[in-house]
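Biologist: Please take a close look at the surroundings of the ligand in this model, and then relate them to the helix packing, the cores and the backbone details elsewhere in the chain.

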Amino acid sequence: MKNISATLAIVWRIAIPYFRSEDKWAGRGLLAAVVAIELSLVAIDVLVNQWQNRFYSALQAYDFNTFMREIWIFIGLASAFVALAVYQLYLNQWLQIRWRRWLTRHYLGEWLDDATHYRMQLKGDAADNPDQRITDDVKTFVEQTLTIGLGLLSSIVTLFSFVIILWGLSNNAPLHLFGLDVAIPGYLVWGALLYAVLGTALTHWIGAPLVNLNFEQQRYEADFRFNLVRVRENSEQIALLKGEGAERGRLLHRFDFVIGNWYAIMSRTKRLTMFTASYQQAAVIFPYVLVAPAYFAKKIQLGDMMQTASAFSSVQRALSFFVTAYRSLAEWRAVVARLDGFEMAVSSAANIAAHEPTIGVASSGGSKAIALEQLLVKLPNGKPLVAADAFTIEPSERVLVTGPSGAGKSTLFRAVAGVWPFGTGRIAVPEQSRLMMLPQRPYFPVGPLGDAVIYPAERGTVASDKIRDALIAVGLPDLAERLEEDGHWNRMLSLGEQQRLGLARALLHTPDYLFLDEATASLDEPSEARLYRLLAEKLPLATIVSIGHRSTLDAVHTRKVALVKDGEIHVLGNGGAPAEKEPSAAG
Ligand SMILES: Nc1ncnc2c1ncn2[C@@H]1O[C@H](COP(=O)(O)OP(=O)(O)OP(=O)(O)O)[C@@H](O)[C@H]1O
């Protein structure tokens, strides 16, 4: 019970924001229409039930005129039913897509906002496969919540309407046992109740493990798909390393989990279906058995008996809502748990600062320099990695950061960019200054080359001529003619070409601070020096901070600083050895 109310509280929390959002009027209107139609359908059921009594009584009495009138009444009721059923489905689907659109936008916004997606990964990926949660889980949640919610509503209203009818019928058809009338008021209602309660209890007992099994199934499926995508993304490396055998093994191993869990679901579903199918079949004759003695004792008419059987089955169906919907309920609870996990992971990644001390990145007021104060950058597990204090980077400086591999240079850059929260201290960044990070392997979205180069700027915000000039300047004249060509540029270009494209991106964005994390490491040394001279020429006011291992980089920077080992951590020293030459004089 506690579990059920906790699940319902989560459902409420996930579902309600849509009905308070900017789309609330459409959402509420559609929901009201769908609910109204559902109630009308129950009303038609009640009318058909009463119709059955009149119809079968007319048959028993060989009353042709009544028979014909009832046929017309039935045609009227059936037509209304068809029209309502069609519009109920149509409006339901309409509500589903609007709700899903809102929820998807909402989740995408939260996930992509302020590097939350990256922090979620850093925190150990508490919510596995966010892609699946934003696609399949949102879709299933919306569909199932509506289906189950409406099913429950319809069951409750059906129950109340038919319990009243059945109570009345119990008095018309008293329980007739061994030639005696037994006076149990509303015995048909009690019979239906007992039948349904027993059925629900047994269903829950047999089907309970399905909730967990479904949760696991969705996770295994998503894991398998994610690993297939990884193979596709890294297919060149895998082919070069001849890693196909290893990949097949790994993929099949993951797929084994899908299969294993599926067998468990199959065997559990088999048991559950065996029970629910028998239960439903028995429900067909159970009411006849209950009223047959009264009928054969000629206490009631055929019409009463047929109406009773149909009312009984309506009550029983309504009470057995959980029996019939068990599988969907199990799936739905798994999806609710997954979306809840996703929301928790997003909010804990977005609010890291609220739970633990973090690195504060703030505006440096009037100063034009970047300043690191009492900074201690840590790993996600809390282990200290690199420290810096009273360290400043002045405007237009060209700083080269060196240090042993794994010392924490890239992590320091991530902290300055504001995406690495683990640690303490303060980083002051000049107000409204534009920072740009260029990694060793720049990211290019799949699509036209022009869009990939100017990313993350929107298409059309940079003139094609400018993009072309930038590509020519970085030494990619051939690509300058292919701006409209669609492609997966990370896969199609050499790493050196990708790094040139990255520099073209920097030229187009004209940042105030440009951080190059081994962003030219795949170029030959003369090309690297040429590109650094190009940056100096095209971005004369920009501050450039580079990470690099090559000694030839010294010549194109004005200051060199090193991460020096100090006990367990590395420390960023201020005012390191000056570079050998000014950038303008470089080779
Ligand atoms: N997301 C992460 N989770 C756990 N540890 C991490 C994570 N990112 C980096 N590290 C660890 O932090 C340390 C520093 O990594 P970083 O990439 O900053 O080093 P680096 O100095 O730039 O090295 P290199 O010169 O080889 O690029 C490494 O030991 C690395 O394993």
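Modeller: The account below begins at the ligand and then turns to other parts of the model. This is a predicted model, in which local features need pLDDT of at least 70 and side-chain atom pairs count only at pLDDT 80 or more, while totals for chains, interfaces and linings use all residues. Residues are numbered from 1 along each chain as its sequence is written.

Around the ligand stand Leu122, Leu379, Pro380, Leu385, Gly403, Ser405, Gly406, Ala407, Gly408, Lys409, Ser410 and Thr411; a residue counts as near a molecule if its C-beta atom, placed from the backbone, lies within 6 Å of it. This shell divides into 5 nonpolar, 6 polar and 1 charged residues, where Ala, Val, Leu, Ile, Met, Phe, Trp, Tyr, Cys and Pro count as nonpolar, Asp, Glu, Lys and Arg as charged, and the others, Gly among them, as polar. The most is given to the shell by helix H14 (residues 409-417), with 3 residues; helices (H or I, at least four residues) and strands (E, at least two) are DSSP runs, numbered from the N terminus. Within H14, Lys409, Leu412, Phe413, Arg414, Ala415 and Val416 are buried. A residue is buried if 20 or more other C-beta atoms lie within 10 Å of its own, exposed if 12 or fewer, and partly exposed in between, with C-beta atoms placed from the backbone. Just after H14, Gly418 takes a positive phi of about 85°.

The largest nonpolar core has 62 residues, and those with the most contacts inside it are Val377, Val386, Leu471, Ala504, Leu514 and Phe515. Such a core is a set of buried Ala, Val, Leu, Ile, Met, Phe, Trp, Tyr and Cys residues joined through C-beta atoms within 7 Å. Helix H19 (residues 495-509) gives the most to this core, with 5 residues. Leaving aside neighbours within four places in sequence, Ala504 is in contact with Val453, Ala470, Leu471 and Val474; contact requires C-beta atoms, placed from the backbone, within 7 Å. A second, separate core of 34 residues includes Val34, Leu95, Leu339 and Ala345.

Next comes the helix packing. Helix H6 (residues 187-207) packs with helix H9 (residues 244-296) at an angle of about 175°, their axes being 10 Å apart. Axes are lines fitted to C-alpha atoms, for helices over the stretch in contact, and angles run from 0 to 180 degrees between N-to-C directions. H6 and H9 are therefore roughly antiparallel to each other, a term for angles over 145 degrees. Among the residues that make the contact are Leu188, Gly191 and Tyr195 of H6 and Arg268, Arg271 and Phe275 of H9. The residues of this contact divide into 9 nonpolar, 5 polar and 2 charged.

Some backbone details remain. Most residues other than glycine have a negative phi, and most peptide bonds are trans. Lys242, in the loop between helix H8 (235-240) and H9, has a positive phi near 55° and is exposed, with 8 other C-beta atoms within 10 Å. Ala390, in the loop between strand E5 (384-388) and strand E6 (391-393), has a positive phi near 50° and is exposed, with 10 other C-beta atoms within 10 Å. A cis peptide bond, with omega about 5°, joins Tyr455 and Pro456; Pro456 is found in the loop between helix H15 (449-454) and helix H16 (464-473).

How values were computed
Angles under 35 degrees count as roughly parallel, over 145 as roughly antiparallel, 65 to 115 as roughly perpendicular and the rest as oblique. Two residues are in contact if their C-beta atoms, placed from the backbone, lie within 7 Å.
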